[in-house]
Amino acid sequence: MSSAWAQTPWPANLVNPQASPDDLSLPMPCGGAMVFRRVNIPSADALDDRRVQLGGAEPRFAYAENPRSDYVGGGFVDTKTKNQRYYLIGKYEVTQLQFDALADKCPTASAEGRMPKTGVTWAEAVYFSGRYAEWLAKNAAAKLPTEDGAPGFVRLPTEAEWEFAARGGVAVTPAVFEQPAFPMPEGAQRYAWFAGTDSSNNELNAIGLLKPNPLGLHDMLGNVGEFVLDPYRLNKHSRLHGQAGGAMVKGGDYRTGQAELRSAARAEFVPVDKAGERRDKTTGLRLVLVPASLPSAARLQSVQKLWTGLASTASGTAQALADPVKEVEALAKATTDPALKTRIEGVGTVIKANIQARNEQRDRSAKSEIRVGAYLARKVMEDAGRIGKQEAVLKALSEAAKKDVQASISSNKENLDATLDYMIDTLKQIGLDFPVATTATQGELLKREFEARSVPGYGPLVDLVVKYSQGARSGKPVDKPALLAELNSIEAKVSKK
């Protein structure tokens, strides 16, 4: 059996028909392979996750898809980029060839094997992921990304992981992320297989024939529906209902109408009927590659310390009994009544949760304000550049023609000065509202977001905003000419590139 699992590598078009340099290809039995793509999530530490808005606003599907907040986190640390974590997700749907490679006999590598695997039960999808994870651990551990020295493993994605990736993650702006589907500038038929003669013709199609989403993932919408790890739940306005039903399928399939393609789509897959286990010709799967939450004893100690700090009320300046968490803890220790002790500890848990929520809101607000500061900095640079061009043109004009240009320059200078004042007020407010550690961390996370969206030139502006706001917090006034000179210097460096 072991010799049968070593075979001539499959042709590249069966594994990765649209290869990219940053793909991660992992081996499979029988000479096969499966390709994964990174899903970056800017994160400060192991307990830092990202709040995302899932679901959609379509009233017809509100019972299942009404907008709600959820959270995603990246388990792997990017050792080359500060404050960057990630998980990986299959670039393509699992194919017939890949599914059969984990069977007892190696399949023949053929073009038919490039079709997505369908007709599986949720239990079979989970079993396949488990068997592949086991094979990788035994045969290709050195090729797996690691976290704290422990290799990752494959499984079905959670709904939040799937939908976050389907929408484009941090590679798109929040406004684009919350649209029904990821951007399809060349028309939906170039990105998704949906019902009708101008797309799927109501037939299953091979992987990788169409264009990918912003994260380089193919067929996230249409072609085949994909199982996720979570069970199906109804929506109860801003949260999921407490009853868990059957399995959940995401993404729609080749029978889905173009108007119905949406990242929020979630269908219940009842696992059995009168005939026994249910199978559907339009339902398949896609895997994610993740690490354990606690891959080592060192990580456990780190998480315990971080968890304790989640309910910290401030930056270490509070006295012991001025801190409500410590006050409640002191009261719980002081009482000898078990029932009262339990009630006091319950109050403490509520207080900790509220403080944690407040801290997370503070962090999001800090990042938003730093973003505003960076946008204002860009506006100042653009206005200053426009004035410079006008002044250059002015020298070549006749005296009669200079009047209108001079008036425009004067008006633009007034606008520039007003924008500078607004920016300085923003820098001061950031400094007054947020601790140094918060602005430093959120500035780095914001830089990761700009990088993920391929928005050039904002890294130095974020650094400038953080530096000046921290100076304002320490009481240092913002020097307007010095700020403008530094922005002009940044613009000159960018122009040279």
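I began with burial: of the 497 residues of the protein, 44% count as buried, where buried means under 20% relative accessible area with a 1.4 Å probe and protein chains only. The model is predicted, so I note its limits: local features need pLDDT of at least 70, side-chain atom pairs count only at pLDDT 80 or more, and totals for chains, interfaces and linings use all residues. Residues are numbered from 1 along each chain as its sequence is written, and side-chain values use heavy atoms, with hydrogens and water left out.

**Entry 1: overall form**

I looked up the extent and found that the C-alpha atoms fill a box of roughly 85 × 80 × 50 Å along the principal axes. The accessible surface comes to about 24500 Å², of which 54% belongs to carbon and sulfur atoms; the area is computed by the Shrake-Rupley method with a 1.4 Å probe. I recorded 13 helices and 18 strands. These are DSSP runs numbered from the N terminus, helices being H or I of at least four residues and strands E of at least two. For contacts (heavy atoms within 4.5 Å), I read that among those between residues at least 6 apart in sequence, 70% join residues at least 24 apart.

**Entry 2: the largest pocket**

I next turned to open space. A pocket is an open set of points on a 1 Å grid over the protein atoms alone, with protein on both sides within 12 Å along at least five of seven lines, and lining residues have an atom within 4 Å of a point. Grid points are joined across faces, edges and corners, and a volume is the space filled by probe spheres set on the points.

The largest pocket has a volume of about 1200 Å³. Of its 44 lining residues, Asp48, Asp49, Glu360, Asp363 and Gln442 are the closest to the centre. Which element gives the largest share of this lining? I found that helix 9 does, with nine residues. Elements that each supply at least two residues include helix 9 (338-394), helix 11 (436-452) and strand 3 (50-54). By class, I noted 16 nonpolar, 14 polar and 14 charged residues in the lining. Here Ala, Val, Leu, Ile, Met, Phe, Trp, Tyr, Cys and Pro count as nonpolar, Asp, Glu, Lys and Arg as charged, and the others, Gly among them, as polar.

**Entry 3: the second largest pocket**

I recorded about 550 Å³ of space in the second largest pocket. Ala46, Gly73, Gly74, Gly75 and Ser293 are the closest to its centre among the 22 lining residues. Strand 4, strand 6 (84-90), helix 5 (159-167) and helix 7 give two or more residues to this lining.

**Entry 4: helix 5**

I then followed helix 5. Nine of its nine residues are buried, so helix 5 is largely enclosed by the rest of the structure. Among the buried residues are Trp162, Phe164 and Arg167. Glycine 168 follows helix 5 and has a positive phi, near 115 degrees.

**Entry 5: the cavity**

A cavity is a set of points where a 1.4 Å probe fits but cannot get out.

Technical notes:
Buried < 20%, exposed > 50% of the residue type's maximum accessible area, 1.4 Å probe, protein only.
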